[in-house]
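The following note concerns the pockets and the charged contacts of the model shown below. Please read its points alongside the coordinates.

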Amino acid sequence: MKSRVKDLSLAEQGRLKLEWAMKHMPVLMRLREEGRDKRPLAGLRIGAVLHVTKETGVLMMALKDSGAEEVVLAASNPLSTQDDVAASLVEYGIKVYAWRGQSSEEYYWCIRQVAESRPDVVLDDGGDLHAMLHSEYKKLGGEITGGTEETTTGVIRLKSLEREGLLLYPVVAVNNAYTKFLFDNRFGTGQSTFDGIMRATNILVAGKNVVVAGYGWVGKGIALRARGLGARRVIVTEVDPIRALEAVFDGFEVMPMSEAAGIGDVFVTATGNKAVIRREHFEKMKDGAILANAGHFNVEVWIPDLESLSVGKRVIRENVTEYTLRDGRKLYLLAEGRLVNLVAAEGHPSEVMDMSFANQYLAVKYLHENKGRLEKKVYNPPRELDEMVARLKLETMGIRIDELTPEQVEYLKSWSYGT
């Protein structure tokens, strides 16, 4: 079937966005140029379910230019697609099934188009494509060389499949590359989350009490940016005692959500779990509290409870839904509880996605080169590929680093040297 996007006439605008992203993604562009010459993916069929943004577009073009026979793309979120980029990618020869504002049925229909394209390698963000291949399309899943996974939520789902002995093909957890999670999750999500919050609301963060649910790498980035924007108090809620202790030592307040609920002006969830903010928390919140989610799925701010507590609901601004509670208080949910950085803004800056998608490109190449030699497991990206991305990024930034001398190499290998 041909591509399905919102409007092919938007392609020119999409080309301009892609051009802008390319200027800020030098590592991936270098891999793309090398791929054009060597064509390491010749004949490969690639299926991807990723956020259809300008940065994803550059990755899809790099894969196609490296010899891929077919590249098929669907969105990993119903509201994150940049329609002009989708149109431009179709023009470039990539099959795209994505448009902003999909219904749940349309969203999964698009993912089915990727599964039914019989890909050799699959790329996913959140695990919906992997889940579909392991439930509805087991036969097709069994024919796949391997897959990649972009985000923590998806890796958790894949690890569950591996534990149960159900994983149909090897998967590279791109999310676990140091050059992904240390930068994308922390600096990318930290900045883009507040970009989304501020575009949606135009609030001043300075002077506000910001509550961050979860202190993984995403939560760390959000807390860091909240402090940098002048938040009066930055409160972290956690269930993991080690992460909670780390937040304390990083200088943030830590308390249960039941206490933070009555203090916060802005709440941001980043846990990957469901019902993190729910009925008993909504009941304690201030009039005017803002609710945003930075986790992959729209289950962290528990909307069924918010709906049941409300007597009125209206969209007061683009990406801002006002809920009026029985006592007259108003709570404001951003982006329908979905990823606020991608729904209300443009997602991560191109500079950080440069590393994440360079890892995706190298993972696809690694799976292709090692076809039939990998077990049906979830693998971390090979250290040498991680270091390659870091070295290329430093090089494109004009930064040089030291190298070990032969004597230092020998010292680090030996057990005999002492004091």
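1. At least two residues of the lining of the second largest pocket are supplied by each of H9, H16 and helix H17 (383-396); helices (H or I, at least four residues) are DSSP runs numbered from the N terminus. H9 provides the largest share of this lining, 5 residues. The model is predicted: local features need pLDDT of at least 70 and side-chain atom pairs pLDDT 80 or more, while totals for chains, interfaces and linings use all residues. Residues are numbered from 1 along each chain as its sequence is written, and side-chain values use heavy atoms, with hydrogens and water left out.

2. The volume of the second largest pocket is about 320 Å³. A pocket is an open set of points on a 1 Å grid over the protein atoms alone, where a 1.4 Å probe fits, with protein on both sides within 12 Å along at least five of seven lines; lining residues have an atom within 4 Å of a point. The volume is the space filled by probe spheres set on the points, which are joined across faces, edges and corners. This pocket is lined by 14 residues, and Phe183, Glu351, Val352, Met355 and Lys393 are the closest to its centre.

3. The largest pocket has a volume of about 1200 Å³. Its lining comprises 50 residues, with Thr152, Val218, Ala270, Thr271 and Gly272 nearest the centre. Helices giving two or more residues to this lining include H3 (54-65), H8 (152-163) and H10 (217-228), but H9 gives the most, with 5 residues.

4. The structure holds 28 salt bridges, a salt bridge being a side-chain nitrogen of Lys or Arg within 4 Å of a carboxyl oxygen of Asp or Glu. One network of salt bridges links Lys54, Glu55, Asp195, Arg199 and Glu346.

5. Arg15 forms a salt bridge with Glu12, with the closest N and O atoms 2.0 Å apart. The two residues are separated by about one helical turn because they lie 3 residues apart in helix H1 (residues 11-23). Arg15 is partly exposed at 33% relative accessibility (buried is under 20%, exposed over 50%, partly exposed in between; 1.4 Å probe, protein chains only). Arg15 also forms a salt bridge with Glu91, at 2.1 Å between the closest N and O atoms. This pair joins distant parts of the chain, with Arg15 in helix H1 and Glu91 in helix H4 (residues 83-91), 76 residues apart.
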